[in-house]
There are 2 protein chains.
Amino acid sequence: MRYAVLGTGIVGRTIAAKLASLGHDVAIGTRDPEATLARAEPDAYGNPPFSHWQAAHEQIRLETFADAAARGGTIVNTTAGAGSLAALEAAGAANLAGKVLIDIANPLDFSQGMPPSLNPVNTDSLGEQIQRAFPDTKVVKSLNTMNCRVMVDPSRVAGEHTVFVCGDDTGAKKAVTELLTSFGWPEDSVIDLGGISTARGTEMLLPIWLRLWGALGHADFNFHIAGARSGA
Amino acid sequence: MRYAVLGTGIVGRTIAAKLASLGHDVAIGTRDPEATLARAEPDAYGNPPFSHWQAAHEQIRLETFADAAARGGTIVNTTAGAGSLAALEAAGAANLAGKVLIDIANPLDFSQGMPPSLNPVNTDSLGEQIQRAFPDTKVVKSLNTMNCRVMVDPSRVAGEHTVFVCGDDTGAKKAVTELLTSFGWPEDSVIDLGGISTARGTEMLLPIWLRLWGALGHADFNFHIAGARSGA
């Protein structure tokens, strides 16, 4: 399969590397590949410059948002939530049309200080905004409720735990569930919450996730819905 | 111990009955006891009138908010979130001063249709509003992230699952944790998220809780934080 991973941060790198390790054709999309490669300093989170990472992942191409999206059969949005709509505009609606878009981003708003708040929130979500902006794209919100190392290696967290899928297209959710299975997620760890408006609920897990990260002192945890199958 | 449970709905009844079954002295507080007892119809959720319930729980007194709060050593807020501040004003700051207040309410806002949204949300929480309005009261947000039957009988949900405590007073959180233990919660199922501002995160679990309720078709589920202790 051909994947376009939009975003050069740690989430994008982690997802891209996992996809490549599974044998997929992977391009990472960025606004300006030359500028991305020219950066010599670690990012705001202390991650090494992209060029260092790419040297160890030569099979993963770095392209413009539009070039990556044009050739990708499935799109993965890992851009910062505040810039996701602009990144997807740059990718181009025509390059996204008819494709599955896995939206991993969260609309964290750092403008009001720490901890970040969410924008949009409560009566809207980033997942819904993207679906409205790109009605010909099949948006599936998933994986946005955990650390990126857990996304691609659920065995990092002991015991059963959950990954949610939200979206209006049943076939797209099935395809994403199959991808999750290939990442190591047991099929019964996937909970389909319903349509894309349920993305509100998963994005609204971020505030407690951030507080748990602080309280626990590590990121190798995840939400599990205990008793999910007891009424079945 | 003497408990004042504010609110006559299904959450208040369930908590009050559990406390009474454990041998505590329990009063339920309401705005107008005569009006509460005069109701002959089921409530909006189909629960039987309070008078029917009370006939089976004669040891639990029904009093005004103020009378219940005055005699209660610990206060439990189970009123509807939109009315919690007014109910606590009616209880009276002097009757709440120096006491532990367990806030189980969620600020659900039905004014924008279904599913309900939250108000406040994101940059504030009902727990914080209550703590600000009653600075001499030790507010502990807890139990608000699950169905009330699970609150008092965690064994309804198979496997490990979590109850959060949020509050500025360490001693108050310890007292609430002991109460939770008496309800059947294993001590290591309690996660202390930090100060009362962390109540934002627990209240923001409601949107996904409501969607899970719909997707799963039953309420005997709960959040578990998998891997919480793996970094310890």
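I start with A:Lys173, which, neighbours within four places in sequence aside, is in contact with A:Val140, A:Val165, A:Cys166, A:Gly167, A:Asp192, A:Gly194 and A:Gly195. Contact here means heavy atoms within 4.5 Å. This is a predicted model, so local features need pLDDT of at least 70 and side-chain atom pairs count only at pLDDT 80 or more, while totals for chains, interfaces and linings use all residues. Residues are numbered from 1 along each chain as its sequence is written, chains are lettered from A and ligands numbered from 1 in the order in which they are written, and side-chain values use heavy atoms, with hydrogens and water left out.

Back to the lysine. A:Lys173 sits in helix H9 of chain A, residues 170–182; helices (H or I, at least four residues) and strands (E, at least two) are DSSP runs numbered from the N terminus. Is A:Lys173 buried or exposed? A:Lys173 is buried, at a relative accessible area of 9%. The classes are buried under 20% relative accessible area, exposed over 50% and partly exposed in between, with a 1.4 Å probe and protein chains only. The side chain of A:Lys173 reaches the backbone oxygen of A:Gly194 at 3.0 Å. That is a polar contact: a pair of N or O atoms within 3.5 Å, where within protein one must be able to donate a hydrogen and the other to accept it, and residues adjacent in sequence count only if both atoms are side-chain atoms.

Next, the sheet in chain B. It is open, with 8 strands in the order E3-E2-E1-E4-E5-E8-E9-E10 and mixed pairing. Two strands pair if DSSP finds at least two bridges between them. Strands E3 (61–64) and E10 (190–194) of chain B are at the edges with a single partner strand each, so one side of each has no neighbour in the sheet. On average, neighbouring strands of this sheet are turned by 25° against each other, direction ignored. Axes are lines fitted to C-alpha atoms, for helices over the stretch in contact, and angles run from 0 to 180 degrees between N-to-C directions.

Within this sheet, E5 (residues 100–103) and E8 (residues 138–142) of chain B pair in the parallel sense over 4 bridges. B:Leu101 has B:Val139 in E8(B) as its bridge partner. B:Ser142 is also in strand E8 of chain B, and counts as buried at 0% relative accessibility. Which backbone oxygen does the side chain of B:Ser142 reach? It is that of B:Phe164, at 2.9 Å. Beyond four places in sequence, B:Ser142 has contacts that include B:Ile102, B:Asp103, B:Val176 and B:Leu180.

H11(A) lies across E9 (163–167) and E10 of chain B, at about 100° to E10(B).

Now the largest nonpolar core, which has 46 residues. Such a core is a set of buried Ala, Val, Leu, Ile, Met, Phe, Trp, Tyr and Cys residues joined through side-chain atoms within 4.5 Å. Among the members that touch the most others are A:Leu6, A:Phe164 and B:Phe164. Helix H11 (residues 206–216) of chain A gives the largest share, 4 residues.

Last, B:Arg229, in the segment after strand E11 (222–226) of chain B. B:Arg229 is partly exposed, at 44% relative accessible area. Its side chain reaches the backbone oxygen of B:Asp188 at 3.3 Å.
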